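Biologist: I have not looked at this one before. Can you put it up and walk me through some of it?

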Amino acid sequence: MRPIPVYTPAFFNRGPSPLARLAFFGVLSLALLFADTRYRYLENVRQVVVAVLYPVQRGLQMPGVAFAYVTGYFGSKRELADENSMLKQELVARGPATQGFARAQDENARLRALLDMRTQYYAATSTAVQVLYSSRDPFAQKLFVDKGSNAGIVAGAGVVDENGVVGQVTRVFPFMAEVTLITDRDQAVPVQVERSAVRSVLFGNGTGRAPELRFTSPSADLRIGDRLLTSGLDGTYPPGLAVAEIVDVVRDSGQMFARIVCKPLAGIDQSEYLLVLWPSAAMPPRPEEPGAAEAAKKGGRGRGRR
Amino acid sequence: MRVLPSVGSFGPASHDEILRPAKPWFILLSLLLALVANLVPVSGTALALRPDFLALVLLYWCIQQPRFVGVGTAWVFGLLMDVGDATVFGQHALAYAVLAYGAEYFRRRVLRFPLWQQAVQVAVLLVLCALLVLLVRFVGGSTLPHWTYLEPPLIGALLWPLVSVLLQTPQRPSRSRSRN
């Protein structure tokens, strides 16, 4: 008598079990995650993929763009006229300040020359960009804008709108650039309080949370309603740009530092048009820090610019 | 033949109905369309509420056609999703692989339930998938997002009946033939 075959007939053969496959692909994903977050090996792959996907994404946006164009075309004449007169009024209202600015700048330059100080650092040129869309990633506060390395935008450039600082260019692709907003967890802006000239650093706190001034002494001269301007110490943002307003100051005697909650002044994720400031080369090189070599040896993880 | 309560022409196939095999090109097309739907750039509320279409369609095919679509396919599409997202490589790949495994584990049971009860079980899987992405990002150093982070998977589960019926339509025999 022939023994009953115990092997699985080919018809039922399904290869490795789902659990084995899950283990294999799970380990593979973890390896990818590790390689990407730790060493950023995959940045080049990302560049290529984004370049390939760009036409697809622009194509997908076409219906929306066409709709906006058509509704805009048939938009009422009165609406346009209203908007036009409003913009003209705004322009006139800002006129004196602008004229005064040129004079003040001139005077400032002369005084600085008298005092033999380094000329103040201003972004020489800027590029206007339009926001394409915000990042899908719910963990990051990022925008994509419609110009990239083709328009000369470089990573690290500051981005502002009409009311204040929006963020910083963090990645540049051929036809678009990624802007990390100042509310992002990895973003920090050196600021100075307009009223009392106290310097501090504004740290983003992630999605849905207000940015804060961290490591500020409870005795620092800060009040609710104070405006924070960029201090220009980082060389990324020119000094004097509006950044945020203090909305809450909590001085708890049990804590080392005061908790200072701020509200960004720029329409962080509402503005449609932004200005990318070109970082100028006027910034002198950073002097060698005395303890830099030792710190590097210890491998302290800084909150570096990405 | 047992007379079933009428389901209407636009409803799930009854247990008596014999479905035609799904065509591989249709499976691939539906997955690609779902990927594109995920990558359409939107902003604001639409972005916060958009369900993960790819996860839904993958889940459907993992349950219906486990011989065509399994952990491996889910992983590859997860990788495409990561690439399109330009975030961290591997997060969606991992989440979708686990999702496909969950579907494999659930599939024999899920199909016995009516669609809305299936949707509840799908919700559990989708939330699990979202929490896995959250865990990956949390370990990577992100802060916890707002609770609205769980809205897209729940909306995805609400869409489950619609997605199942839509994806089943090409496999159903035409009405004229099913009458005799």
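This is a predicted model: local features need pLDDT of at least 70, side-chain atom pairs count only at pLDDT 80 or more; totals for chains, interfaces and linings use all residues.

Biologist: Start with the barrel. Which strands run in it, and in what order?

Modeller: Six strands of chain A form a closed barrel, in the order S6-S7-S8-S11-S10-S9, with antiparallel pairing. From one strand to the next, the twist averages 40°.

Biologist: How many bridges join S7 to S8 in chain A?

Modeller: Two bridges join S7 (residues 199-203) to S8 (residues 212-216) of chain A. A:Phe203 has A:Glu212 in S8(A) as its bridge partner.

Biologist: Different topic. What pairs with S12 of chain A?

Modeller: S1 (residues 126-134) of chain A pairs with S12(A) in the antiparallel sense, over five bridges. S3 (residues 158-160) of chain A also pairs with S12(A) in the antiparallel sense, over three bridges.

Biologist: Which residues in S12(A) are the bridge partners of A:Ser126 and A:Val160?

Modeller: For A:Ser126 the partner is A:Leu277, and for A:Val160 the partner is A:Leu275.

Biologist: Now A:Ala266. Where does it lie?

Modeller: A:Ala266 is in the loop between strand S11 (258-264) and strand S12 (273-277) of chain A.

Biologist: Is A:Ala266 buried or exposed, and why?

Modeller: A:Ala266 is buried, because 23 other C-beta atoms lie within 10 Å and the cut-off for buried is 20 or more.

Biologist: What does A:Ala266 touch?

Modeller: Not counting residues up to four places away in sequence, A:Ala266 touches A:Val160, A:Asp161, A:Asn163, A:Gly164, A:Val165, A:Val166 and A:Ser271. A:Gly167 is 99 residues from A:Ala266 in sequence, and their C-alpha atoms are 9.6 Å apart in space.

Biologist: On to the cores. In the largest nonpolar core, which residues touch the most other members?

Modeller: That core has 50 residues, and B:Val57, B:Leu58, B:Leu59, B:Tyr96, B:Ala97 and B:Leu99 touch the most other members. The elements giving two or more residues to this core are helix H1 (18-39) of chain A and, from chain B, helices H1 (24-39), H3 (53-64), H4 (71-85), H5 (91-110), H6 (115-139) and H7 (151-168).

Biologist: Which one gives the largest share?

Modeller: H3(B), with 11 residues.

Biologist: And what is B:Ala97 in contact with?

Modeller: Leaving aside neighbours within four places in sequence, B:Ala97 is in contact with A:Leu22, A:Phe25, A:Gly26 and A:Ser29 in chain A, and with B:Val71, B:Ala74, B:Trp75 and B:Gly78 in chain B.

Biologist: What about the second core?

Modeller: The second core is separate and has 40 residues, among them A:Phe144, A:Val165, A:Val243 and A:Val276.

Technical notes. Residues are numbered from 1 along each chain as its sequence is written. Chains are lettered from A and ligands numbered from 1 in the order in which they are written. Helices (H or I, at least four residues) and strands (E, at least two) are DSSP runs, numbered from the N terminus. A residue is buried if 20 or more other C-beta atoms lie within 10 Å of its own, exposed if 12 or fewer, and partly exposed in between; C-beta atoms are placed from the backbone. Two residues are in contact if their C-beta atoms, placed from the backbone, lie within 7 Å. Two strands pair if DSSP finds at least two bridges between them. A nonpolar core is a set of buried Ala, Val, Leu, Ile, Met, Phe, Trp, Tyr and Cys residues joined through C-beta atoms within 7 Å. Axes are lines fitted to C-alpha atoms, for helices over the stretch in contact, and angles run from 0 to 180 degrees between N-to-C directions.
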